[in-house]
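Me: I'd like to learn how to read helix packing and strand pairing in a model. Can you walk me through it?

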Amino acid sequence: MACSLSNRLSYNKLLLLQRSRIKLHSERSLSSGNQNIKPIEKILIANRERDCLDADKNSLHVSLADEAYHIGPPAASQSYLCQDKIMNVAKSSGAQAIHPGYGFLSENTEFAEMCSKEGVIFIGPPATAIRDMGIKSTSKHIMSAAGVPIIEGYHGEDQSASKLKQEAAKIGYPVMIKAVRGGGGKGMRIAMTEADFDGQLESAKTEGMKSFGDDVMLIEKFVETPRHVEVQVFGDHHDNYVYLFERDCSVQRRHQKIIEEAPAPGLSEEVRKSLGEAAVKAAKAVNYVGAGTVEFIMDKNQNFYFMEMNTRLQVEHPVTEMVTGTDLVEWQIKVASGEHLPQSQEELKLTGHAFEARIYAEDPNNAFMPGAGPLHHLTTPEASQNVRIDTGVRQGDEVSVHYDPMIAKLIVWSPDRSTALRSVRNALKDYHVIGLNTNIQFLMDLSKHSQFEAGNVHTDFITQHSEELFPNRVLSSASICQAAVALVLKDRETAKLTYQNTLDPFSPFLLCASARINNQAKRRIHLKDGENDVNVMVQCNSDNSFDVTIGNQEHHVTAELTNDGSRTSIRCNIDGVISSSNIVIQKDALHIFTTDGKHELTFPMPKYMKATKGAAGADDAVAPMPGVIEKVTVQPGAEVQQGDPLVTMIAMKMEYVIRAPKAGIIEKVFYKVGDTVSKGTALVHFKEDKTSSEPDNDSD
């Protein structure tokens with residue numbers, strides 16, 4: 001127990017050690033409109049330093065706090081992870097409790113112990129439970145003793161590379177290499193063969209040290225094509241425990257979840273009950289208090305094995321809230337206050353089906369490479385009782401390189417799974433982001449996949465179905481017609497507004513815009529769809545219709561442009577077929593959002609701008625995403641082979657190794673350790689291969 005129960009019974013000022021989505025969820029649970037808990041004043045810490053790069057200065061979660069305190073520069077290691085600074089804020093502000101969210105120090109044993117020592121309520125489990133479950137080797141022994149099914153493996157103290165490799169051979173490949181303090185897919189690698197082992201071990205140890213300050217590893221048998229099924233559990237200070245049923249989080253990339261659902265599809269009631277009871281056994285074994293998640297690996301026969309316990313509220317907890325009608329943050333606050341669990345196991349019922357789609361700033365077509373930068377345009381689906389959007393950003397905000405690249409969580413509920421899946425697709429169609437690559441289109445394609453619709457999910461789903469999930473996207477003639485006509489109509493609107501505001505209202509240059517005598521007005525439009533040219537001729541007819549020519553095809557179009565304040569929509573009748581799309585026109589591009597997803601059409605760049613725009617050389621090693629240089633492996637003059645490591649970057653708490661695109665000699669290394677770089681920046685320049693530029697001496 002983090003502090004005495006008597007101390008827990010009274011607190012009215014809470015420090016939120018959180019950013020973004022979870023912080024806003026906590027504020028909602030703590031709001032004055034919630035009649036289920038007493039009013040609590042909310043304090044926030046944030047990195048609002050004035051004279052350095054601000055990560056949260058103007059963020060939504062900062063603006064909504066009752067009080068906000070500067071905690072340090074953007075790097076989490078200098079701000080959100082500084083325990084002494086956080087405790088000083090709690091003391092100076094008069095906060096009696098700290099809610100740690102689901103990141104940063106939420107699973108840090110030392111911080112939970114510090115709270116206990118200082119008499120501040122840590123809204124989470126006891127430090128002993130965090131320690132026991134945080135060290136994977138320890139947790140495996142405890143679970144085995146408690147009768148929870150486990151996968152056998154090596155959890156020993158001898159951490160030499162030779163010993164680990166020897167144990168991997170005993171277990172049999174493929175094996176999972178996991179940081180004992182790991183979580184969230186970090187510090188985790190799969191070695192499919194013995195030849196893979198050394199490189200994967202080094203990578204897992206490096207990432208484990210960076211993420212958790214510990215590079216101790218365990219080795220386990222890797223269950224191929226498993227499902228990831230987890231159970232939400234809750235305990236209180238009165239030895240009451242419940243499970244709030246399971247979530248399926250099987251579809252992942254880089255061992256990290258992107259879409260979750262509750263309940264898990266295809267489970268029998270018998271398996272569901274066994275899962276829940278096993279999770280409660282796990283919680284009881286460590287005297288757990290508060291919200292926790294017990295994660296299991298499930299094979300194709302629905303046999304399940306303990307994987308780990310996350311001793312905090314999970315990112316995906318809203319799907320559980322939707323199918324159980326609960327507010328888990330409210331439960332956390334009540335339990336931390338010494339109250340009994342709000343409901344017993346018999347009172348908890350599953351109702352309907354819920355999905356959570358994580359909206360990430362990343363490029364699925366480039367190995368889900370994370371991104372950072374400003375959100376130039378952002379519109380979301382309309383929230384309702386059955387559609388929930390948990391986000392901490394607004395249009396104009398910036399996704400920071402220093403934190404997780406998640407933009408939002410889209411959660412939907414419906415009475416059954418198939419209806420919920422349709423609701424996900426409809427909501428994703430209305431989620432529009434410009435300024436960063438996102439995974440929205442990927443999520444739309446995933447939700448339409450026949451095997452996903454059937455509930456046949458597993459952790460290798462993306463790899464197995466990559467051909468269908470990453471199709472070659474072809475811009476339809478209908479979309480081109482909509483885009484071209486939208487440009488014409490938008491120009492008419494602009495001309496009309498200019499006419500209305502001009503000092504010379506009788507000017508024929510404005511009044512007669514596009515007017516022709518004995519001729520129809522025509523406009524030639526040149527756009528780029530990626531590297532492809534899109535040439536369109538639009539003829540404006542006297543009846544306000546249009547004849548649109550694309551190549552040798554002609555289409556008759558009538559259209560109407562509308563704006564509801566947040567969205568501009570175009571409704572077209574193209575050769576008798578009616579369709580609608582949303583349009584965003586910017587200086588350099590037109591973005592069209594259709595029922596099939598988003599398309600971007602750019603306006604060709606003038607030649608004089610191309611001539612002055614700097615770019616990396618064709619063979620340079622470039623940064624695939626924004627990030628911080630963690631390690632430089634080569635120096636000028638070094639000779640490398642294709643695939644050799646050159647630079648290691650850290651972005652969004654993940655490690656990426658930039659490898660040589662070709663064999664050659666390094667001429668220049670542009671950045672040093674600690675430098676921050678943008679996406680596409682040249683990192684390493686190769687000496688030119690002069691022999692390749694010599695003229696061919698062969699003659700006819």
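Reply: Start with the axes: they are lines fitted to C-alpha atoms, for helices over the stretch in contact, and angles run from 0 to 180 degrees between N-to-C directions. Helices (H or I, at least four residues) and strands (E, at least two) are DSSP runs, numbered from the N terminus. This is a predicted model, where local features need pLDDT of at least 70 and side-chain atom pairs count only at 80 or more, while totals for chains, interfaces and linings use all residues. Residues are numbered from 1 along each chain as its sequence is written, and side-chain values use heavy atoms, leaving out hydrogens and water.

Me: At roughly what angle do the axes of α8 and α9 cross?

Reply: Roughly 140 degrees, with the axes of α8 (residues 161-171) and α9 (residues 194-212) coming within 11 Å. Angles under 35 degrees count as roughly parallel, over 145 as roughly antiparallel, 65 to 115 as roughly perpendicular and the rest as oblique. The two helices are therefore oblique to each other.

Me: Which residues of α8 and α9 meet?

Reply: Contact means heavy atoms within 4.5 Å. On the α8 side you have Ala161, Leu164, Lys165 and Ala168, and on the α9 side Glu194, Phe197, Asp198 and Leu201. Sorted by class, that contact has five nonpolar, three charged and no polar residues. Here Ala, Val, Leu, Ile, Met, Phe, Trp, Tyr, Cys and Pro count as nonpolar, Asp, Glu, Lys and Arg as charged, and the others, Gly among them, as polar.

Me: On to strands. How many bridges join β27 to β28?

Reply: Two strands pair if DSSP finds at least two bridges between them. β27 (residues 532-540) and β28 run antiparallel, joined by five bridges, and Val536 sits opposite Ile550 in β28. Their hairpin has five residues between the strands, and Asn544 takes a positive phi near 70 degrees.

Me: What about the other partner, β29?

Reply: β28 and β29 (residues 553-563) are also antiparallel, with five bridges; Phe546 has Val557 in β29 as its bridge partner. This hairpin has two residues between the strands, and Gly551 in the turn has a positive phi of about 65 degrees.

Me: Is β28 mostly covered or uncovered?

Reply: Mostly covered: four of the five residues in β28 (546-550) are buried. Buried means under 20% relative accessible area, exposed over 50%, partly exposed in between (1.4 Å probe, protein chains only).

Me: In what order do the strands of the open sheet run?

Reply: β34-β41-β39-β36, four strands with antiparallel pairing. The edges are β34 (621-622) and β36 (639-640), each pairing on one side only.
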